[in-house]
Structure formats: structure tokens, C-alpha cells
Amino acid sequence: MKTDIVIVGAGPAGIFTALEMLRAGSKKKITIVEKGAAIENRRCPKVKTGKCMNCRPYCHITTGFSGAGAFSDGKLSLSYEVGGQLPELIGESYAQEMIDYTDKIYLDFGADSHVEGVGQSEEIKQIRLRAIKAGLKLVDCPIRHLGTEKAQMLYGDIEKYLLAHGVEILFGCSCENLILDGARCIGVSVEEKGVSKEILADRTVVATGRRGADWLEKLCGEHGIAHQPGTVDIGVRVEVRSEVMETVNRALYESKLVGYPEPFRNKVRTFCQNPGGFVSQENYDNELAVVNGHSYKELKTENTNLAILCSHNFTEPFNQPIAYAQKVGELTNMLGDGRILVQRFGDILNGKRTWQKELCRANVRPTLPDAVAGDITAAMPYRAMTNIIHFMQAMDQVVPGFAASETLLYSPELKFYSNRVKMDQDFCTNIQGLHCLGDSSGWTRGLMMASVMGVIMGQKLAKEG
């Protein structure tokens, strides 16, 4: 099979590459390879069963058209300061320019015109003042919130647009490897319905998302793709009553706070805040269950959840950060019999596990009903757990009640970022004809910045004719 451009992965980076090529008038033949299903065929049975069914051959929450973005809360961060290290590669001003441009594409496809985190200047100033006193930094970042149900509709419209304009999308098609001719990538080998075949292309774009980070890491080692060890984030998903977060939710929607707590001074940050949201479970191909969170536009709970993540950067001789984080997750899953663990913050400080009966009589009721009450400290590394505790205590000065005894902590919350692929400003690797985009490249984190990387790639490919 021959095509002009083959894109591996139909997440935001991949689909925005194809979308921008079309918008720029490109006549190149574009083929997208996606191991999951079309967005209209993605179904999580947990809605009916009430518990994760560990679906095979892949989790519908993380795999399929638009990737994990279709089942996330759909937050678009509108500042270059949020979303990874792409500005280091292309420049801060250009990154912000492309965020603004990409945001207009989302609006064209029906994104809500309302932007969170602006217009409440006095309240934001007070939040920042409390953060400064607590030794934390508040990062200004306007948020466009799609909502889980609206995100699925929006990405569904993008899918229809791509198909209507001639983009070939091979669903249920798993990329097995790259095809190299010397130092040039000439396509990919795939498996579709048990049949192996080759797709030859002038340009190969790998955009497999956070889920495909370990796969790309292995390819880098196998084919000599220049890269460097990346960062992994290990942390917890915190859930409190929304009354505790009311001021922050109203003024910012999402509070992006960063700190470097003693004694280790590792970077610790909040991530993916969901007012009125739900704690959720995701499953990876290696049967690893991780916790996440999302929120709808209309359907709301009494709680707010957010992640607290501790960044780990490793130096020589260790070069397997993803495997390290996976081991932490596997140990936590073992304690929870394959499910997510939840523990009260007060029990962590008191050195005891949490029991199910204690959750039932608290103000904060878990929105992940099949989470297992237990002891996350039995699996969490000491350094990460210490950082999380000290960061939460600092957060309590910004948001009184955040570090209350009954605050819930779910584990494991893990963010895998691929070993960062070395590329130039045109996203060219040391392998001719090969480009790596989005979270799997190690350069972005989240929907907007991955989409931006796709838009830039699409513009560059369209200029070639």
C-alpha cells in the first residue's frame, strides 16, 4: 500500500496534522493508522456495569479516534506556559501565536466560546497572594472547557470532516514497526484483523499519545532515533467537596499551582482540575490501571477532583523512567487487586489504612465507586509521598480545608512522557522522513499543545505540495 503521508495515531496531534493539511489546500494522500475504533463506536461498559471490565484488546477510554481526549473533560489550556516543553523548541511567542490559531479551529468546530479563568481579577489576586505566602506559584492560564460530552461531539465532527475530504482512516489497525531504508523511514508495518501488511509513505508521522510512549521509546532504541531520557510524573488524584474549592473554581476553574517542597525540592504541581467532576479509571495494554478525572458540561457531582503530580528526572546510568513509573503503578494495583486504591489524607498522616466503612460516613463520598479503600503509602515511593504531603499542606494555606482529614487520595496517577525525541524546529528527527508529535514525542502534555504541534506539522507538510 502506498500513500504520501502516513500518520500513526488518531489523537489530537495526528488528526490536527491531517486537518491543517486539508485546510491549507494540500492534495497529498493522507492515511491515518489507529488501533482503536471510530469515535461513534467507542463505548465504555462501566456506564452499565458500574466497574471496569478491563476491555480487550484495548481500553476504549484511552484508545480510538481523538485518543484519551474524547473521554477527558476536554480542557484547552490557552497559555504557552502550560502543556510541556514545546515552546523551548519553537519559541514562546510562536507557541502562543499557534495556540491562538489552533483555538480558533476548535471554535470553528463548535467549542464553547466562554473562557474560564478571566474576568475575576480581584479574586485571582487574593488566590495568588495566598499562594505566594505558602511558597507556591500560581500559573495564569485561561481555560476553554469543552466538557466530556461536548468533546466527543466536537471530535466526532472533525472525524466526519476528515473522512469527507478524502483522509483514509484505518481503524482497528495496529502499527507494529517502522520500515527503514538505511537512515530513511519509508513507512510502517501494521496488523489489521490479523493480517500483516506494509504502508509505504514519503513522510511518516508518529503521534501515538501518552498511551504509546513506551512503544515509541522501544522504537527509539531499536532504530537509533536520537532521544534523551524524559520526565515521568508520579502522584495521586485528590477529591474534596466542591465547597472547599468554591472560590478557586469560580475564579479560575482550574488552579495551576507549582511548588518545590522541602526537603527534596522536586517540582510538584496540580493538574487537570475538575469542578463537579468524576474520578475515573483508565487501563493500559499491560493491564496497568491508573486513575484520572473528567467533568461534563451539564452533569455535575458534589465534589471537585484534581491531580497532584511529582516530577521525576533521572540521570545516568538509569534510562528507563517509564518502566520505573509502571512498577510503582503495578505495585499499587497489586494492593488493590487490580483496582484503584483510595485513602483518606488523615489516615496517611496517622499511619493507618482506610476502611470502606470509614468512607461511607464521611462528607466526601468517592465518585469512583469501585475504588478499593486501603493504604497507598505501602506502594508509593517515600520521596514522592513526602512531596505530596508537604504540597497538600501548602495547598491548604491557599484553599483552607484542602488538606482536611477526610480528603480522598486515589492512586496511582501516572503520566508517562516518552523519552524526549530530539528534533529540529521542523519536527525532523535524525531519521529522514520521520516526525514525532504530541505527548509520545515527549514535547507536549495535554490536548491543546498536542493539537498545536499537529497544526504546525500540517502546515509544513502542506507547503511541500
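Contact here means heavy atoms within 4.5 Å. The model is predicted.

View 1. Asn-283 is part of strand 14, which runs over residues 278-283. Residues up to four places away in sequence are set aside, and Asn-283 then touches Cys-52, Asn-54, Cys-59, Thr-62, Arg-211, Leu-288 and Ala-289. Its relative accessible area is 6%. Asn-283 counts as buried because that value, 6%, falls under the 20% limit. The side chain of Asn-283 also has a polar contact with the side chain of Gln-281, at 3.1 Å.

**View 2. Ala-289 in strand 15.** Strand 15 covers residues 289-294 and holds Ala-289. Ala-289 is buried, and its relative accessible area is 0%. Beyond residues up to four places away in sequence, Ala-289 touches Gln-281, Glu-282, Asn-283, Asn-333, Gly-338, Ile-340 and Pro-412. Asn-333 is 44 residues from Ala-289 along the chain, yet their C-alpha atoms are separated by 6.7 Å. Asn-283, from View 1, is among these partners.

**View 3. Helix 1 against helix 13.** Helix 1 spans residues 12-23 and helix 13 spans residues 447-463. The two pack at an angle of about 35 degrees, and their axes are 7 Å apart. The crossing of helix 1 and helix 13 is right-handed. Helix 1 contributes Pro-12, Ala-13, Phe-16, Thr-17, Glu-20 and Met-21. Helix 13 contributes Leu-447, Ala-450, Ser-451, Gly-454, Val-455, Met-457, Gly-458, Gln-459, Leu-461 and Ala-462. By type, the residues of this contact split into 10 nonpolar, 5 polar and 1 charged.

**View 4. Glu-20 in helix 1.** Glu-20 lies in helix 1 and is one of the residues of that helix that meet helix 13. Is Glu-20 buried or exposed? Glu-20 is buried, at a relative accessible area of 3%. The side chains of Glu-20 and Gln-459 make a polar contact of 3.2 Å. Residues up to four places away in sequence aside, Glu-20 touches Tyr-101, Ile-105, Val-455, Gly-458 and Gln-459.

**View 5. Helix 4 across helix 13.** Helix 4 spans residues 92-108. Its axis and that of helix 13 come within 9 Å and cross at roughly 95 degrees. Helix 4 is therefore roughly perpendicular to helix 13.

**View 6. Two cis peptide bonds.** The bond from Glu-262 to Pro-263 is cis, with omega near 5 degrees. Pro-263 sits in the loop between strand 12 (257-259) and strand 13 (268-275). A cis peptide bond also joins Ser-411 and Pro-412, with omega about 5 degrees. Pro-412 lies in strand 19, residues 408-416.

View 7. Tyr-253 is not a glycine, but its phi is positive, about 65 degrees. Tyr-253 is in the loop between helix 8 (246-251) and strand 12. At 6% relative accessibility, Tyr-253 counts as buried. Arg-265 also has a positive phi, near 65 degrees, and is a residue other than glycine. Arg-265 belongs to the loop between strand 12 and strand 13.

**View 8. Thr-304 in strand 16.** Strand 16 covers residues 303-313 and includes Thr-304. Thr-304 is buried, with a relative accessible area of 2%. Which side chain makes a polar contact with the side chain of Thr-304? The partner is Ser-242, at 3.0 Å. Thr-304 and Ser-242 are 62 residues apart along the chain, and their C-alpha atoms are separated by 5.0 Å. Neighbours within four places in sequence aside, Thr-304 is in contact with residues including Val-238, Glu-239, Val-240, Arg-241 and Ser-242. Met-245, Asn-249, Gln-273, Asn-274, Pro-275 and Gly-276 are also among its contacts.

Conventions. Residues numbered from 1 in each chain as written. Predicted model: local features only at pLDDT ≥ 70, side-chain atom pairs only at ≥ 80, totals over all residues. Heavy atoms only, no water. Helix = DSSP H or I, 4+ residues; strand = E, 2+ residues; numbered from the N terminus. Buried < 20%, exposed > 50% of the residue type's maximum accessible area, 1.4 Å probe, protein only. Axes fitted to C-alpha atoms, helices over the stretch in contact; angles between N-to-C directions. Left-handed = near helix turned anticlockwise from the far one by under 90°. Nonpolar A, V, L, I, M, F, W, Y, C, P; charged D, E, K, R; others polar. Polar contact = N/O pair within 3.5 Å; in protein donor to acceptor, adjacent residues only side chain to side chain. Parallel < 35°, antiparallel > 145°, perpendicular 65-115°, else oblique.
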